[in-house]
Amino acid sequence: TDAEHYAEEIIDKLVGGRITRALLSETDDFGTTFFGFRVVNHSNKNTKSEYDVWVQRDPEGNGEGFLAIEPAQLEG
């Protein structure tokens, strides 16, 4: 199911990680600014993984309620 898929993604990428910062997106064409957080996870196969997690309404990004997990966009 969709719920099982999303739960597995959270387990694989976020469980055991640490939230290191809060994120705010640029305002989009519709005037929406999204919020999220960065997770650094050292527990996945002895490698450091960083993810930006955006809180949205659904997978299309129409608002709050869905976690969009993507590789961190590291500055510089």
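A residue is called buried when its relative accessible area is under 20%, exposed when it is over 50%, and partly exposed in between, using a 1.4 Å probe and protein chains only. The structure here is a predicted model, so local features need pLDDT of at least 70, side-chain atom pairs count only at pLDDT 80 or more, and totals for chains, interfaces and linings use all residues. Residues are numbered from 1 along each chain as its sequence is written, and side-chain values use heavy atoms, with hydrogens and water left out.

Start with the overall layout. The protein has one helix and four strands, where helices (H or I, at least four residues) and strands (E, at least two) are DSSP runs numbered from the N terminus. Read from the N terminus on, the order is α-β-β-β-β. Of the 76 residues, 32% count as buried. The accessible surface comes to about 5,500 Å², and 52% of that belongs to carbon and sulfur atoms; these areas come from the Shrake-Rupley method with a 1.4 Å probe, and for residues only the protein chains shown count as cover. As for contacts (heavy atoms within 4.5 Å), take those in the protein with a separation of 6 or more: residues 24 or more positions apart account for 26% of them.

Next come the charged pairs. A salt bridge is a side-chain nitrogen of Lys or Arg within 4 Å of a carboxyl oxygen of Asp or Glu, and a search of the whole structure turns up three. One of them ties Glu9 to Lys13, with the closest N and O atoms 3.2 Å apart. Both residues sit in helix α1 (residues 2–13), and because they are four residues apart there, about one helical turn separates them. Glu9 is buried at 17% relative accessible area, while Lys13, at 24%, counts as partly exposed.

Arg38 and Asp52 make another salt bridge, their closest N and O atoms being 2.6 Å apart. This pair links distant parts of the chain: Arg38 belongs to strand β2 (residues 35–44) and Asp52 to strand β3 (residues 47–56), 14 residues apart. Both ends are tucked away, with Arg38 buried at a relative accessible area of 5% and Asp52 buried at 3%.

The side chains of Lys48 and Glu50 also meet in a salt bridge, at 3.5 Å from N to O. Here Lys48 is exposed, with 52% relative accessible area, and Glu50 is partly exposed at 21%.

Six bridges join β3 to strand β4 (residues 66–71), and the two run antiparallel; strands are taken to pair if DSSP finds at least two bridges between them. As an example of these bridges, Gln56 has Phe66 as its partner in β4.

Finally, there is Leu24, which lies in strand β1 (residues 18–24). Leu24 is exposed, with a relative accessible area of 67%. Beyond its neighbours within four places in sequence, Leu24 is in contact with Thr33, Phe34, Phe35 and Trp54. Gly36 is 12 residues away from Leu24 along the chain, and the C-alpha atoms of the two are separated by 6.4 Å.
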